[in-house]
Amino acid sequence: MSKTALVTGASRGIGLETTRRFILNNDDVTTVVMFARASEDFDANVAALEKELPIGRRLVPIAVDVGDREALKQAVTAAYEQVGGIDILVNNAGYTNPVPLQQVDMADFEKTINVNLYGPFTIVQTLLNLGNRFDLIVNIASTAGITGRSGWLTYSASKAAVINMSQVMREELSIYGTRVACLSPGRTATALRKTLAPDEDPSTIMQPGHVAQVINTMSSPVGRFIDSENIVVRQ
Amino acid sequence: MYSLILLNGGIGSRTGADSPKQLLKLRGIPILVYTLVTADRVEQISQIVLNYPPQWREDVEAVLKAYAISTPVTLVEAGASRHASVAAMISHCTNDDVIIHETARPLVRTSDFQRLIDSEHSNVSLMSEISFTVAPVDPETSAVTGSLDRSRLRNVQLPQKFAKADLQDAHAHALEQGIESTEDATLVADFGRPIHFIEGTDENLKVTTKTDLKMAGFLLRPEEDDDE
């Protein structure tokens, strides 16, 4: 088996850890396309991972903002042409700016929806229109999408939409034999979590590697037995 | 390699919809997509000849583009009848062997096409046993005129495969004789060319009525719905 994965938000946190497990610990994945905004962190983490790469494995880092729809479409098309098809897609990139309802700025709400909802949708639709046939799509939602949280309106609403969108994708893409999983992590020590809960000690909560391990398991043969629901991963 | 004649031209008056039934949604997806995606996965099908109801070409083209069907598709406007459509579509087939299917049977599986292709015979139809009794009657007098041996009857299904020359000859003969057929296996048999059958499946139902649409939707639902 020689599968290609695309991971968004791959410069750090869950996306970086998922990339690491795919490329180092997954027997089937030989190429990982990494989508993330251009940053020194992205460059440094790709460089570090490149040093560990086994023979025959490759990383394809592409700098793109998942919230910029036109740029995203171009990046997806370029990636598709370069690697010849995406078998596994992990829609992980996320954005939040938690403020009370009365202070929500519409432009910021739109950015949240652009990154968290339209981004995953755009990647899937663009690839389908190009003729790509996925084995597996993993959409990363959140426990905040299951139960709305005070002060997190835009983020909670966007993740609720991701959970629902995943259900529709699961049904519609079954004609191709594509599996669609939705994963809702609880509190995870990521930069996004730091924005949501700045006073929390990250060492006391679930680590990105834990969630990445679950994603890696989802992509293994046994994963098909656990992908039919919104899967909650929490400590 | 095979050319797939995919019949898609019926207007679907029995489903009671405004648009042709092939563009009706089954679990939110146009019915014709199911067969297109399935046929796209069959390696031996190198061409799809698809017909469309007059005035619906753009809609069919939009579906083909959105679903990125990779097998080359030749579009042909539907004829006045199913028989006329098949006759017109044969000439667009670029392979010596053809398969006939209809988009109104969306539950066809790649294995159905594969079993047909793997059959040793040139002209083969999927057919299923008849689970009920069919009686010959005289419609004018309402008299039952005898009985039929059910074990020697089969429900004719699609897909079917043919040597293109046999199908072409049978249609040319039908044109000469003024014969209008409703399907092609018996047309070829009546013409005198050998034709065989393999077992069909009861899931490969034809969606003709609103009830059929509900049945097909039920069969396509995720299997986890069967959990208790």
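In chain A of this predicted model, strand 4 (residues 88-91) and strand 5 (residues 136-140) pair in the parallel sense over 4 bridges. Here two strands count as paired if DSSP finds at least two bridges between them, and strands (E, at least two residues) and helices (H or I, at least four) are DSSP runs numbered from the N terminus. A:N91 has A:N139 of strand 5 as its bridge partner. Residues are numbered from 1 along each chain as its sequence is written, and chains are lettered from A in the order in which they are written. Local features need pLDDT of at least 70 and side-chain atom pairs count only at pLDDT 80 or more, while totals for chains, interfaces and linings use all residues.

Stepping back to the whole sheet of chain A, 7 strands form an open sheet in the order 3-2-1-4-5-6-7, with parallel pairing. Strand 3 (58-63) and strand 7 (230-233) of chain A stand at the edges with a single partner strand each, so one side of each has no neighbour in the sheet. On average, neighbouring strands of this sheet are turned by 15° against each other, direction ignored. Axes are lines fitted to C-alpha atoms, for helices over the stretch in contact, and angles between N-to-C directions run from 0 to 180 degrees. Helix 4 of chain A lies across strand 1 (3-8), strand 4 and strand 5, running at about 165° to strand 4. Contact means that C-beta atoms, placed from the backbone, lie within 7 Å.

Helix 4 (residues 106-129) of chain A also packs with helix 3 (residues 69-83) of chain A, at an angle of about 40° and with axes 10 Å apart. The two helices are therefore oblique to each other, a word for angles that are not under 35 degrees (roughly parallel), over 145 (roughly antiparallel) or 65 to 115 (roughly perpendicular). Residues making this contact include A:L72 and A:V76 of helix 3 and A:Y118 and A:I123 of helix 4.

Chain B brings its own open sheet of 7 strands, in the order 5-4-1-6-10-7-11 and with mixed pairing. Strand 5 (73-77) and strand 11 (196-199) of chain B are at the edges, each with a single partner strand, so one side of each is left without a neighbour in the sheet. In chain B, 4 bridges join strand 7 (residues 124-128) to strand 11, and these strands run parallel. B:L126 stands opposite B:I198 in strand 11.

Terms used. Two residues are in contact if their C-beta atoms, placed from the backbone, lie within 7 Å.
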